[in-house]
Amino acid sequence: MSRKIVEIVDSIDTSQVFTELSDAHSGGICVFVGTVREFTQGEEVVSLEFETYKKMALMEMEKIASDAMKKWKLNKVIIRHAVGLKKVEAPVVVVGASSAHRDACFDACRYLIDTLKETVPIWKKEMFENKTVWVSAHP
Amino acid sequence: MDVLLFGIAKDIVGKSEFQVPMDDDVPKSVQALKDYMIKKFPDFGKLSSFAVAVNSEYAQDDVPLNGNDEIAIIPPVSGG
């Protein structure tokens, strides 16, 4: 299995990730799953819609995965993001890493999600009962 | 020159691709394209910021644009 998995998918099956990151040389696997939260600043969110510039997003995700592998001694890395309409509690992103010791995969996991949120061209629209809002678009 | 639009940029323009006429006013750099879009669609000026990607890579303001580049407006990203 490849050391790096970078994907944009329609839906995420969180049960796959252990097998995908599992590795004989790893003593630890760290995973972050981002999910749809019901309330944003006190307002009830009905669903989220994710859109992407897929070609560029995959390139940016690939860079993040490669950079993480340069920064830390990792055996496997995954970055998988879902697009389309997502209901409350649905998983929308999974990032993770496996490494010989836990420090590397904990630090890498945080780097993967934080950098993804800064650079990967994916946009989230919050759908409320009577309005929709593109997140972070306006100051 | 075709400009790909995503997220709120698509809503501002009302479609997912915008064609900039190849006349004397055609923007020749990333900065010129940003100015052009704000002039044409003032709502771009209300965004927190927006970037331009040339051939699927973030491009600095001084990067020149060619008619056959793949150009995209990248409004503030919000994945994760």
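Strand 1 (residues 2–5) of chain B pairs with strand 5 of chain B in the parallel sense, over three bridges; two strands count as paired if DSSP finds at least two bridges between them. Helices (H or I, at least four residues) and strands (E, at least two) are DSSP runs, numbered from the N terminus. The model is predicted: local features need pLDDT of at least 70, side-chain atom pairs count only at pLDDT 80 or more, and totals for chains, interfaces and linings use all residues. Residues are numbered from 1 along each chain as its sequence is written, while chains are lettered from A and ligands numbered from 1 in the order in which they are written.

**Sheet of chain B**

- In strand 5 of chain B, Ile71(B) stands opposite Val3(B).
- Both strands belong to an open sheet of five strands in chain B, with the order 2-1-5-3-4 and mixed pairing.
- Strand 2 (17–19) and strand 4 (57–59) of chain B each have a single partner strand, so one side of each is left without a neighbour in the sheet.
- Neighbouring strands of this sheet are turned by 35° against each other on average, direction ignored.

**Contact between the chains**

- Chain B places 17 residues in contact with 24 residues of chain A, contact being C-beta atoms, placed from the backbone, within 7 Å.
- On the side of chain B that touches chain A, helix 1 (7–13) and strand 5 (71–74) of chain B are the elements that give two or more residues.
- By class, that side of chain B has ten nonpolar, six polar and one charged residues. Here Ala, Val, Leu, Ile, Met, Phe, Trp, Tyr, Cys and Pro count as nonpolar, Asp, Glu, Lys and Arg as charged, and the others, Gly among them, as polar.

**Overall form of chain A**

- Chain A has three helices and nine strands, following the pattern β-α-β-β-β-α-β-β-β-α-β-β along the sequence.
- The radius of gyration of chain A is 16 Å, close to the 14 Å that the globule rule gives for 139 residues, so chain A is as compact as a globular protein of that length. This radius is taken over C-alpha atoms, and the rule is 2.2 Å times the number of residues to the power 0.38.
- The C-alpha atoms of chain A fill a box of roughly 50 × 25 × 25 Å along the principal axes.

**Sheet of chain A**

- Four strands of chain A form an open sheet in the order 1-5-7-2, with mixed pairing.
- Strand 1 (4–9) and strand 2 (28–35) of chain A stand at the edges, each with a single partner strand, so one side of each lacks a neighbour in the sheet.
- Strand 1 of chain A runs parallel to strand 5 (residues 76–82) of chain A, and six bridges join them.
- Lys4(A) stands opposite Val77(A) in strand 5 of chain A.
- Helix 2 (residues 54–71) of chain A packs on the sheet, touching strand 1, strand 5 and strand 7 (91–99) of chain A; its direction makes about 155° with that of strand 1 of chain A. Axes are lines fitted to C-alpha atoms, for helices over the stretch in contact, and angles run from 0 to 180 degrees between N-to-C directions.

**Nonpolar core**

- Ile79(A), Val95(A), Ala97(A) and Leu112(A) touch the most other members of the largest nonpolar core, which has 59 residues. Such a core is a set of buried Ala, Val, Leu, Ile, Met, Phe, Trp, Tyr and Cys residues joined through C-beta atoms within 7 Å. Buried means 20 or more other C-beta atoms within 10 Å of the residue's own, exposed 12 or fewer, and partly exposed in between, with C-beta atoms placed from the backbone.
- Helix 3 (residues 102–119) of chain A gives the most to this core, with seven residues.

Terms used: Two residues are in contact if their C-beta atoms, placed from the backbone, lie within 7 Å.
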